[in-house]
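Colleague: I'm new to this one and would like to learn how to read it. Could you put it on the screen and take me through it?

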Amino acid sequence: MIYFKQYGEMRTGTNYLKRLIELNFNSVSVLGSVLGWKHGMYDLNNAPDDTHSHEEWVKGKTKQGTVYSVDGHKLPYTPSELNAIIPKLKYLINIKNPHAFVVSYKKFRLPNKKLHKTVRLNLCERYNSKYGKGLEFMKLKQNSCMFVPYETMLMNYTHVLFNIEQKYRLTRVKDKYADELSPVNASTDHGLLIDRKKSFNKEYYLDRLYLNELTRDHISIIDDNIDSALVDEIYRVGL
């Protein structure tokens, strides 16, 4: 069994990537909120000694021999099983265009609030901090870590799967890759389904239509505060 520890900001396609990998490859498991919260990316803080935070997570989430997820569900792993997985982990880090991230985050987390300047600045700072740590981590773990751009998954998911297959020497379930027909309908770490009945239009992101939902001032704030060199480097080394 090959275990992937997954990271990535909210709304960056983490559920879609998890489903794609688990649908198409044998003997794989993608851990989103096991061994650290996938959206927090805080266990990248103390790289290169990254295993310490994973082990601390197991210790902190174990009660009377049972390990619980970040949202309080029992997990199908014992503490000893998780500690044995840690040294063998592979890492996947999802990333999304920063403008698209701000729009998606606003829709998902702040649907009834205005995108005030403070919120935009906080999101930019958060994006820079998390992905800065992610890039540092990837450089230390080049053989076991990979960035996966959201836009690449939408444009050509087979390219993403092929590169993951080659890098980690995975075996396919079938000759041809299968797409997840409902990308947001992913299985979580504790077996529940994340269900969203609204339709999904990938051209909204590929054609950058989300920019229509940002004012000129919004775009200017994001452009001025996002570390564009960081984003460019991550997209260059990603799939």
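Colleague: Let's begin with the open sheet: what is the order of its strands, and is the pairing parallel or antiparallel?

Modeller: The general idea comes first: strands of a sheet pair through backbone hydrogen bonds, either parallel or antiparallel. Here the open sheet has 4 strands in the order S2-S1-S5-S6, and the pairing is parallel. Strands are DSSP runs of E with at least two residues, helices are runs of H or I with at least four, and both are numbered from the N terminus. Two strands pair if DSSP finds at least two bridges between them. Strand S2 (28-31) and strand S6 (145-149) are at the edges with a single partner strand each, so one side of each has no neighbour in the sheet. On average, neighbouring strands in this sheet are turned by 25° against each other, direction ignored. Before we go on: this is a predicted model, where local features need pLDDT of at least 70, side-chain atom pairs count only at pLDDT 80 or more, and totals for chains, interfaces and linings use all residues. Residues are numbered from 1 along each chain as its sequence is written, and side-chain values use heavy atoms, leaving out hydrogens and water.

Colleague: Over how many bridges do S1 and S2 pair?

Modeller: Strand S1 (residues 2-8) pairs with S2 over 4 bridges, in the parallel sense. As an example, Lys-5 has Leu-31 in S2 as its bridge partner.

Colleague: How many helices and strands does the protein have?

Modeller: There are 10 helices and 6 strands.

Colleague: At what angle do helix H1 and helix H7 pack?

Modeller: For that we use axes, lines fitted to C-alpha atoms (for helices, over the stretch in contact), with angles from 0 to 180 degrees between N-to-C directions. H1 (residues 14-24) and H7 (residues 157-168) pack at about 65°, their axes 11 Å apart. Contact means heavy atoms within 4.5 Å. Among the residues that meet are Leu-17 and Ile-21 in H1, and Val-160 and Ile-164 in H7.

Colleague: Is Asn-212 buried or exposed?

Modeller: Buried is under 20% relative accessible area, exposed is over 50%, and partly exposed lies in between (1.4 Å probe, protein chains only). At 66%, Asn-212 is exposed. You'll find Asn-212 in the loop between helix H8 (203-206) and helix H9 (216-225).

Colleague: And Cys-124, buried or exposed?

Modeller: Cys-124 is buried, at 1% relative accessibility. Cys-145 is buried too, at 3%. Of the protein's 239 residues, 49% count as buried.
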